[in-house]
Amino acid sequence: MGVARAADVADAYPATIAADASGDTRAVHASVEDVWRLGPGSIACGQLRIEWRAAHVVVGHDGPDALWAALFPSGPVRLAGERVRSVWLRFHPTRLGELFPPGVDATRVSGPEAAVTLVRGRWLAAEKMRGSFHRGGAPMVPPSGTVVVDVRTIEGPRRFFLVEGDEATPHAAFTTQALPRPDPITASAAVATLERVASAFAAEYAQFALRPEVDWTRRVEAFRPLTQAARNREDLAAIFGGLLSVLRDDHATVRLGERFLPSAATPRPLNGSFPATERELAAVPERVGTTLVHARTLDGIGYLLIASLGNPNVVPAVDAVLETLRDTRGLVIDLRYNGGGDERLARSIAGRFLAEPRVYSHHRVRLDPTSMRLSDPIARTCSPRGPWRYSEPVVVLIGPRTMSSAESFALMLDQASHVTTYGAPTAGSSGNPRALELGGGLVVNVPRWLDLRPDGVPLNGRGVEPDVIMMPEPRAFTERSDPVLAGGLALVRELALDADADPDADPDTDTDTDPDPDADTDADTDPDADADTDADTDAATATDADPDPDPATATDPDPAPDPTITP
């Protein structure tokens with residue numbers, strides 16, 4: 001475990017945001033450089049005081065401006081007689097020096113210790129962010145006079161305080177949101193579980209080809225001492241998250257019960273604003289279930305938002321919506337909030353826009369568990385489906401939270417000559433994972449393929465590049481403004497005018513494209529690869545138990561198959 005001396009924590013994050021500035025959303029992240037080991041110290045917020053003998057802290061920041069901290073005491077810490085497991089802090093960047101004042105012994109750490117602590121910090125941030133100064137899951141700058149102190153106790157109850165000046169107001173309602181106490185585990189059982197994870201990745205993981213710098217055997221051995229010291233399955237989940245973080249793979253994920261642990265946690269700012277949708281369309285959108293939104297503009301342009309591919313009902317639902325939009329002059333399909341699901345469902349929907357079968361992707365898999373050799377590329381195809389084909393101009397909106405099977409969906413649609421992709425590059429994450437059940441609710445997902453775009457370039461780390469790039473600053477998206485949607489509507493209107501000027505450009509309109517619309521058109525593809533079902537990823541999108549108006553919430557590579565879109 002590496003340890004490097006550093007200055008005071010606050011010196012590493014000099015605030016640039018003015019004390020009277022608040023409310024803006026920020027793209028906050030944390031890396032191993034933001035993991036610190038603290039000597040004896042305390043946090044004093046108004047009347048509230050928490051002391052520790054030793055602790056680790058992870059700091060989340062936007063540039064030099066720190067906006068959150070996750071504190072994990074190493075020794076006995078009590079708050080009103082209860083033992084403290086973790087402390088979540090949300091604050092204005094100018095307050096960091098008060099929370100961690102000069103004189104506290106602070107050192108940056110590295111190696112497995114840093115990797116595991118970082119995962120714990122990200123895990124806490126993912127669970128707590130929606131309880132403290134956020135918009136759509138994205139952190140906002142709190143007022144300088146306010147600090148959120150959210151304490152999780154070992155006994156279970158959650159203690160939430162809003163500190164304003166000298167007053168620390170407890171919010172009793174939050175005590176009902178306690179997490180269950182983690183199941184204990186013996187050292188021998190923990191090590192045996194590590195061996196199962198290590199063996200599964202050694203035998204099945206196809207993307208070691210993208211990470212030649214990773215010595216997997218050595219990596220596993222470096223995490224063995226921490227595994228032997230694990231006291232419960234929550235510790236073990238964090239250790240496995242740290243172990244897998246070196247792969248930088250959003251499909252190599254860890255879950256404990258219903259809790260998703262973001263081991264990779266790639267920052268992916270949303271390039272959309274769902275609250276602005278009605279204003280940009282100048283029409284009232286209609287919702288279908290929890291994953292579809294559709295509308296028709298006054299000038300006859302259709303809009304269809306598909307928030308997830310996780311429920312088979314999405315296919316007949318889209319079919320029904322297309323019937324209502326059949327006579328539109330053009331269509332905008334919005335995939336910016338879609339974190340994936342089942343690729344087979346995507347093929348069924350894409351078939352409504354295709355005139356002929358097309359190859360949209362390839363993938364490679366491990367040939368045997370004892371070597372790193374990969375198969376030749378295996379083609380994945382999609383084919384026409386349904387009684388008629390939508391052949392008017394289509395603009396598909398994509399972005400950083402278009403992920404996994406939704407990225408394949410964008411590639412499928414892009415095979416049609418009348419489709420234009422628009423926005424920002426997608427997440428670049430696909431894996432066809434297998435869920436490795438480890439007992440006690442602990443699940444590790446093992447990605448099993450190396451996904452390739454039609455040009456043969458690996459999808460992971462690169463994503464799908466739009467035909468037309470439109471990448472406004474994150475602050476351009478507000479409750480009244482969605483510049484990507486506005487630009488997509490302008491483009492489809494322009495394309496519709498061109499199509500109106502050349503009515504014979506597409507002779508295939510409304511032809512019977514598939515005599516058996518329910519037939520499986522992919523019998524010749526690898527049956528295992530058939531379903532990138534995103535058991536771990538409907539989410540860059542996210543599972544939001546407390547959804548905001550933005551559909552399919554935010555970055556969560558362990559999906560809610562049907563992200564809620566109800567405000």
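This is a predicted model: local features need pLDDT of at least 70, side-chain atom pairs count only at pLDDT 80 or more; totals for chains, interfaces and linings use all residues.
Me: With which residue does Lys 128 form a salt bridge, and how far apart are the closest N and O atoms?

Reply: The partner of Lys 128 is Asp 150, and the closest N and O atoms are 3.4 Å apart. The pair links distant parts of the chain, with Lys 128 in helix α2 (residues 111–128) and Asp 150 in strand β12 (residues 146–153), 22 residues apart. As a general idea, side chains of opposite charge can pair when their charged atoms come close. A salt bridge here is a side-chain nitrogen of Lys or Arg within 4 Å of a carboxyl oxygen of Asp or Glu. Helices (H or I, at least four residues) and strands (E, at least two) are DSSP runs, numbered from the N terminus.

Me: Are Lys 128 and Asp 150 buried or exposed?

Reply: Both Lys 128 and Asp 150 are buried; the term means under 20% relative accessible area, with exposed over 50% and partly exposed in between (1.4 Å probe, protein chains only).

Me: How many salt bridges does the structure hold, and which residues are linked in a network?

Reply: The structure holds 28 salt bridges. Glu 127, Arg 152, Glu 234 and Arg 259 are linked in a network. Another pair is Asp 319 with Arg 352, at 2.9 Å from N to O. Asp 319 lies in helix α7 and Arg 352 in the loop between α8 and β21, 33 residues apart. Both Asp 319 and Arg 352 are buried.

Me: What is the setting of the salt bridge between Arg 296 and Asp 327?

Reply: The side chains of Arg 296 and Asp 327 meet at 2.8 Å, N to O. Arg 296 belongs to strand β18 (residues 292–296) and Asp 327 to the loop between α7 (314–324) and β20 (330–334), 31 residues apart. Arg 296 is partly exposed because its relative accessible area is 35%. Asp 327 has a relative accessible area of 57%, so Asp 327 is exposed.

Me: In what order do the three strands of the open sheet stand?

Reply: Two strands pair if DSSP finds at least two bridges between them. The order is β22-β21-β27, with antiparallel pairing. Since β22 (378–382) and β27 (449–452) stand at the edges with a single partner strand each, one side of each is left without a neighbour in the sheet. Neighbouring strands of this sheet are turned by 30° against each other on average, direction ignored. Five bridges join β21 (residues 358–365) to β22, and Arg 358 stands opposite Cys 382 in β22.

Me: Which strands does helix α8 lie across?

Reply: Helix α8 (residues 343–350) lies across β21, β22 and β27, running at about 45° to β22. Helix α9 (residues 405–413) packs on the sheet, touching β21, β22 and β27, and its direction makes about 145° with that of β21. Contact means heavy atoms within 4.5 Å. Axes are lines fitted to C-alpha atoms, for helices over the stretch in contact, and angles run from 0 to 180 degrees between N-to-C directions.

Me: How many residues of strand β26 are buried?

Reply: Six of the six residues of β26 (residues 442–447) are buried. Leu 442, Val 444 and Val 446 point one way, and Val 443, Asn 445 and Pro 447 the other way.

Key:
Residues are numbered from 1 along each chain as its sequence is written. Side-chain values use heavy atoms; hydrogens and water are left out.
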